[in-house]
Protein chains: 2
Amino acid sequence: MSCKPLAVALALTLSAASGALPAGAAEPTTPAKVPSMQELLDASPKSDWRTLDPDRTLYLQLPAGRVVIELAPGFAPQHVANIRTLAKEHYWDGLFVIRSQDNYVAQWGDPAEEDAKKKPIGSAKPKLPAEFERKATGVPFVRLPDSDGWAPEVGFSEGFPAARDPKSDTAWLAHCYGMVGAGRDVAADSSDGTSLYAVTGQSPRMLDRNITLVGRVVQGIELLSVLPRGTGPLGFYEKPEQYVPIAAATLASDVPAAERTPLELLRTDSKTFATVVESRRNRRDEWYKRPAGHIDLCNVPLPVRTPK
Amino acid sequence: MSCKPLAVALALTLSAASGALPAGAAEPTTPAKVPSMQELLDASPKSDWRTLDPDRTLYLQLPAGRVVIELAPGFAPQHVANIRTLAKEHYWDGLFVIRSQDNYVAQWGDPAEEDAKKKPIGSAKPKLPAEFERKATGVPFVRLPDSDGWAPEVGFSEGFPAARDPKSDTAWLAHCYGMVGAGRDVAADSSDGTSLYAVTGQSPRMLDRNITLVGRVVQGIELLSVLPRGTGPLGFYEKPEQYVPIAAATLASDVPAAERTPLELLRTDSKTFATVVESRRNRRDEWYKRPAGHIDLCNVPLPVRTPK
């Protein structure tokens with residue numbers, strides 16, 4: 001068996017956080033004529049795509065390249081405000097990725113454990129409230145019909161995987177691959193946004209509503225997910241020379257327009273997105289013998305493209 | 001905020017395929033006195049643990065170390081038989097990991113696409129039946145009470161994440177992190193076990209019952225999950241110099257006893273395992289503010305330890 005057939009065999013899942021868009025399946029006529037996901041996206045109207053707001057886009061510059069993070073002020077307004085302040089004041093510049101735990105998270109911030117040695121946070125707030133959930137009323141929400149064990153309802157809110165509980169009228173972001181959150185201590189309100197993590201493994205949904213999610217990696221998650229796993233407890237790097245340096249973490253709005261990363265994201269409230277989700281829920285191409293009839297929130301692809 | 005608090009914050013998820021056992025929570029008395037997962041495991045009887053059968057353990061030797069795979073002849077007898085033949089005849093020795101797709105799979109085998117250049121498979125069978133599922137009757141199955149969107153019932157079968165449909169009396173292995181499968185072409189019966197993949201991202205459960213799973217990585221998945229992502233379509237490496245060489249793939253039974261990797265795996269039909277699962281379904285330690293009341297099949301830790 002050559003690698004070509006396997007390309008077919010495993011072509012049909014798209015990383016939720018990846019910019020790559022392999023072939024996929026859409027609504028069928030006959031099995032042999034199912035359009036690929038690329039064809040589906042190519043045929044979508046321009047209006048089904050959006051660009052990033054540079055004021056809520058964070059660039060994390062690692063040795064291997066730029067990680068692009070879309071911030072979520074709709075769910076974590078105070079954390080995002082602090083992160084914006086920290087970025088503007090160059091807080092992370094010269095700090096490090098200090099942890100990479102397999103099938104879980106990569107985490108970056110200040111490795112200093114003693115307060116006296118810690119990097120000052122400038123004019124950022126030293127204390128923020130927990131922003132684990134918010135009132136659901138007024139939150140845009142495109143619901144998936146699929147069942148979910150972790151929440152009464154799941155779907156997407158302006159590009160972010162999210163969940164909702166109609167009974168309590170609350171909504172929250174979901175810990176899918178590529179989501180970014182703010183580390184905290186035991187106290188619910190002990191995060192300040194200085195130490196951030198990105199999910200690089202099986203969705204740890206048990207963290208939902210237990211920690212504040214602040215955004216999502218929309219490009220470059222593979223720069224974090226391949227980092228050597230730390231050999232200390234919880235995947236922390238044990239030696240300073242293992243730390244991965246952060247050259248800078250900068251808001252896109254503070255970068256000259258010509259140096260920004262141009263991206264277009266498929267709107268999660270678009271018809272094309274609904275078609276993409278259904279094409280993944282029920283694969284109709286000839287490789288799949290048994291369409292699942294289901295999709296998990298964290299298996300839904302979130303297409304990103306570089307404009308031509 | 002130091003990295004210590006974050007250690008607490010994110011200590012409480014265990015990679016399902018990792019040998020690491022960070023602190024966790026078990027059944028509580030008072031929140032402050034919840035035993036850690038390590039304490040729970042340390043207190044478990046020896047009889048709750050099993051060792052690997054060397055005849056169905058495959059060692060994949062990569063430059064960074066040894067990946068230990070437990071094969072699943074109960075679900076894929078013909079594929080496992082072929083894999084054993086291929087290993088005994090040194091089929092993979094000198095071949096490569098040829099693909100690493102972010103949030104999906106790493107895949108190894110013969111990079112040759114043309115039949116004339118392909119490595120001969122010796123006395124292995126060139127054609128195997130699809131082994132996507134089997135009759136459920138007679139299959140050991142410890143069921144999880146938790147709902148699952150992909151299958152009527154989910155649980156564990158002798159250490160493997162699995163699913164079951166009582167109506168059709170079928171059972172199958174589930175595509176969780178670290179699971180290993182046999183790549184195939186469009187035809188359901190086109191896999192021969194020469195090209196294998198390991199799941200290194202969000203569980204691609206849509207593949208369940210569409211491709212033959214042959215086992216699970218029980219140690220060393222991080223040697224595969226950190227491999228540089230291929231930049232070709234589907235994460236294939238584009239240049240031969242990017243291939244990751246396989247020094248050897250060998251059955252543990254063909255390795256001298258002193259050179260085997262001694263491991264103990266927590267029995268999934270043990271009382272300790274049930275306690276571990278419940279401790280993860282409802283976190284009772286003081287860090288968690290809202291126990292989920294649910295656990296996904298692919299978030300259940302499968303503890304592995306090196307005997308002292």
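This tour moves through a predicted model of two chains, from the whole assembly to single residue pairs.

**Stop 1: the two chains together**

Begin by colouring chain A and chain B separately. A rotation of 180°, with 0.0 Å of shift along its axis, places chain A on chain B with an RMSD of 0.0 Å. That is the relation of a two-fold axis. The two copies use the same surface, since 100% of the contact residues of chain A recur in chain B.

**Stop 2: the interface**

Next, select the residues of each chain that touch the other chain. On chain A there are 76 residues in contact with 76 residues of chain B. The size of an interface is often given as the accessible area lost when the parts come together. Between chain A and chain B, the buried area is about 6600 Å², and carbon and sulfur atoms give 58% of it.

Now highlight the elements of chain A that give two or more residues to the side touching chain B: helix H1 (3–9), strand E4 (96–101), strand E5 (105–109) and helix H4 (221–225). Of that side, H1(A) supplies the largest share, with seven residues. Colouring this side of chain A by class shows 38 nonpolar, 20 polar and 18 charged residues.

**Stop 3: charged pairs**

Side chains of opposite charge can pair when their charged atoms come close. How many salt bridges lie between chain A and chain B? The count is two. To view a salt bridge, select A:Glu133 and B:Arg290, whose closest N and O atoms are 3.5 Å apart. Over all chains, the structure holds 32 salt bridges.

Then turn to a pair inside chain A by selecting A:Asp102 and A:Arg229, whose side chains meet in a salt bridge at 2.8 Å, N to O. Which parts of the chain does this pair link? A:Asp102 lies in the loop between E4 and E5 of chain A, and A:Arg229 in the loop between H4 and strand E14 (244–245) of chain A; these distant parts of the chain are linked by residues 127 apart.

**Stop 4: a sheet in chain A**

Switch to a cartoon view and select strands E1, E16 and E17 of chain A. These three strands form an open sheet in the order E1-E16-E17, with antiparallel pairing. Strand E1 (49–51) and strand E17 (304–305) of chain A stand at the edges with a single partner strand each, so one side of each has no neighbour in the sheet. Strand E16 (residues 264–266) of chain A pairs with E17(A) over two bridges in the antiparallel sense. Within this pairing, select A:Glu264 to find A:Arg305 of E17(A) opposite.

**Stop 5: the sheet in chain B**

Finally, move to chain B, where three strands form an open antiparallel sheet in the order E1-E16-E17. Its edge strands are E1 (49–51) and E17 (304–305) of chain B, each pairing on one side only. Three bridges join E1(B) to strand E16 (residues 264–266) of chain B, and the two run antiparallel. Select B:Arg50, which stands opposite B:Leu265 in E16(B).

How values were computed
Residues numbered from 1 in each chain as written. Chains lettered and ligands numbered in written order. Predicted model: local features only at pLDDT ≥ 70, side-chain atom pairs only at ≥ 80, totals over all residues. Heavy atoms only, no water. Contact = heavy atoms within 4.5 Å. Buried area = accessible area lost by both parts, 1.4 Å probe. Salt bridge = Lys/Arg side-chain N within 4 Å of Asp/Glu carboxyl O. Helix = DSSP H or I, 4+ residues; strand = E, 2+ residues; numbered from the N terminus. Nonpolar A, V, L, I, M, F, W, Y, C, P; charged D, E, K, R; others polar. Least-squares fit on C-alpha atoms with pLDDT ≥ 70 in both. Pairing = 2+ DSSP bridges.
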